[in-house]
Number of protein chains: 2
Amino acid sequence: MDRITLNTPLDMHLHIRDGEMLREVVRYSSRYFSGGLIMPNTIPPITTKEDIFSYRKEILNSIENDIFEPYMSIFFKSSYDSQFLKSVRDDILVVKLYPSGVTTNSDGGVVSVDLDEVGDTLSAMEQLDIPLSIHGETNGSVFEREAEFLPTYELLAKTFPKLRIIMEHISDRRTIELLEKYSNLFATITLHHLAITFDDLLGGALQPHLFCKPIVKSGKDRDALRDLVLNGHPKIMFGSDSAPHPKEKKESSNGSAGIFSAPIVLQGLVELFEKHDKLENLQPFISENARKIYRISPPQKSITLVRKEFQVPTTYGEKIEIVPLFAGKKLNWSLEDV
Amino acid sequence: MDRITLNTPLDMHLHIRDGEMLREVVRYSSRYFSGGLIMPNTIPPITTKEDIFSYRKEILNSIENDIFEPYMSIFFKSSYDSQFLKSVRDDILVVKLYPSGVTTNSDGGVVSVDLDEVGDTLSAMEQLDIPLSIHGETNGSVFEREAEFLPTYELLAKTFPKLRIIMEHISDRRTIELLEKYSNLFATITLHHLAITFDDLLGGALQPHLFCKPIVKSGKDRDALRDLVLNGHPKIMFGSDSAPHPKEKKESSNGSAGIFSAPIVLQGLVELFEKHDKLENLQPFISENARKIYRISPPQKSITLVRKEFQVPTTYGEKIEIVPLFAGKKLNWSLEDV
């Protein structure tokens, strides 16, 4: 097979920043995806109805004629009450909770998931049927953070059984068991957590453009996540966690966490699924699972990839240099010109 | 106690490069140490009697009036025979073996320690009583490489029971048992493997100046190594593995491995040993153990440190910017002006 057409692809975890960076990167999502779940960790974060509107407007203004639905989110605050949540319910797909201090601009997040603190808001979300999206890591040792957060996921899943909880960018094989155990737990997985390990980051020379949070894990973790996704697990959605930073902030004495992957994720996913002879399971991962879990009807779009060598550019961006995942490498699949 | 005097400090694992870089960094060792074991992985590496002489001459020419013994080494090759080894025996302290591809300029090293390949040379070294120094890592997964190399260390220790074998810059707590098991196994440990963990490297923003091989390990590993050293283990010598790279090569898309620590290791060691109330065990670690293991009589030198805040410079070097370990941090001890 030398062509594959993806129907209505969705990126359910996407950072596009704002201002100049947004204008540099949003096109790579808006052109080749039907929609994306836009993370709210701008500076300052999205926390009001006005924030949602103005951010959405900024996005729509930047994507020109592309048909693309920016599914909006709001940055969790324990001050959100039922009245407020009702007022934004139709404007957002999720409320995103960042435990404090674990990712880019999460300093305004709650310190830990203390039910006394956050329970009322979560209960209101459950009643209003607004899903909760979580970056589930503790502040512990870097390779243990996701595993250490599992009891918190479990507590939330049990306490709010009707609340849909999305475990974002899962990276650790120990998380899988929990995903299977509770019907209200779902997950996103990135291309990079399916593709690389800490050996790619650290095994040779240091690769700052492969540095992200959650940190990429061992080959065993990657392979366990691959098994789930390649075999079409219905509770897992694709979310790129594409997170652009200027080249100079990545290649610095204090390097920013985040991998910019938006322009190459479709090619990379087709390559991965084809290599394992599982192309038939890419379509649900890239679209149907998210449509069912989030109950959304994104605009129809067909994206065709062709078997043609694609050398990933070393940088993207016109005014800001941004190094992508797989920079300089050759992939076997290209996006067909549209 | 507000002053501590170290007698005849030795750095038994030191990279000083050559040319301009050597002229930038050698002073930090020659001024405050009595001697150092100079690693032979220059480009090209030190492999002949002429190489040893010219490298030693370059070092001595660069250290001005400092009293400092550069203990020389030679880069292991399986072509070294008894006659050659005899001819260089008085010029070197060790032969250094780098398994291929694991550290800076080790590409000329043997692929693995295959006794059919290297046995004759090691046997000749044993007979001539020339110690073997090894960077003991496989090409496996980055956090497992030292542990995976342990069977090789054991094979060598058993096969050549009179050969003194120095396990360089040990970093993994699983190595300790082997050190205890064979009387002909010894080790060096760096300050950074005693001070930091992978959480310092990766837990927050990425710290390329803490990136080295062997990679820094977990807190458990660091603490187990600390226990040995702080309690005065007689088979362990201090070896900084100070390994300068230009700032721009560390802060790059393909960052070089190696931590430059020479100017701050004495201050850092005094701080560490004092914090754990083990100052009495610093002197053997920094000098006596090496003198006994290597049977050397370095030039006498007394170095005094005083309890006075020392803010580590953000960079060293006049023509080349080199970022040191603990750059910008405050230490409690300073070198007394001499």
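A residue counts as buried if 20 or more other C-beta atoms lie within 10 Å of its own, as exposed if 12 or fewer do, and as partly exposed in between, with C-beta atoms placed from the backbone. The views below show a predicted model, in which local features need pLDDT of at least 70 and side-chain atom pairs count only at pLDDT 80 or more, while totals for chains, interfaces and linings use all residues. Residues are numbered from 1 along each chain as its sequence is written, and chains are lettered from A in the order in which they are written.

View 1. A:Tyr294 is buried, because 21 other C-beta atoms lie within 10 Å. Leaving aside neighbours within four places in sequence, A:Tyr294 is in contact with A:Leu93 and A:Pro131, contact meaning that the C-beta atoms of two residues, placed from the backbone, lie within 7 Å. A:Ile130 is 164 residues away from A:Tyr294 in sequence, yet the C-alpha atoms of the two are 9.4 Å apart in space.

**View 2. The open six-stranded sheet of chain A.** The strands follow the order 5-6-7-8-9-10 with parallel pairing, two strands being paired if DSSP finds at least two bridges between them. Strand 5 (73-75) and strand 10 (236-238) of chain A stand at the edges, each with a single partner strand, so one side of each is left without a neighbour in the sheet. From one strand to the next the twist averages 30 degrees. Strand 5 of chain A is joined to the parallel strand 6 (residues 94-97) of chain A by three bridges, and A:Ser73 stands opposite A:Val94 in strand 6 of chain A.

**View 3. The open three-stranded sheet of chain A and helix 11 of chain A.** Here the order is 1-11-12 and the pairing is antiparallel. The edges are taken by strand 1 (3-7) and strand 12 (330-335) of chain A, each with a single partner strand, so one side of each has no neighbour in the sheet. Five bridges join strand 1 of chain A to strand 11 (residues 302-311) of chain A, and A:Leu6 stands opposite A:Ile303 in strand 11 of chain A. Helix 11 (residues 265-275) of chain A lies across strand 1, strand 11 and strand 12 of chain A, at about 115 degrees to strand 12 of chain A; axes are lines fitted to C-alpha atoms, for helices over the stretch in contact, and angles run from 0 to 180 degrees between N-to-C directions.

**View 4. The meeting of chain A and chain B.** In this view 23 residues of chain B are in contact with 23 residues of chain A. Helix 8 (residues 198-202) of chain B supplies the largest share of the side of chain B that touches chain A, three residues. Because 100% of the interface residues of chain B are also interface residues in chain A, the copies meet through the same surface. Chain B can be laid on chain A with an RMSD of 0.0 Å by a turn of 180 degrees and a shift of 0.0 Å along the axis, the superposition being by least squares on the C-alpha atoms of residues with pLDDT of at least 70 in both copies. The two copies are thus related as by a two-fold rotation axis.

Key:
Helices (H or I, at least four residues) and strands (E, at least two) are DSSP runs, numbered from the N terminus.
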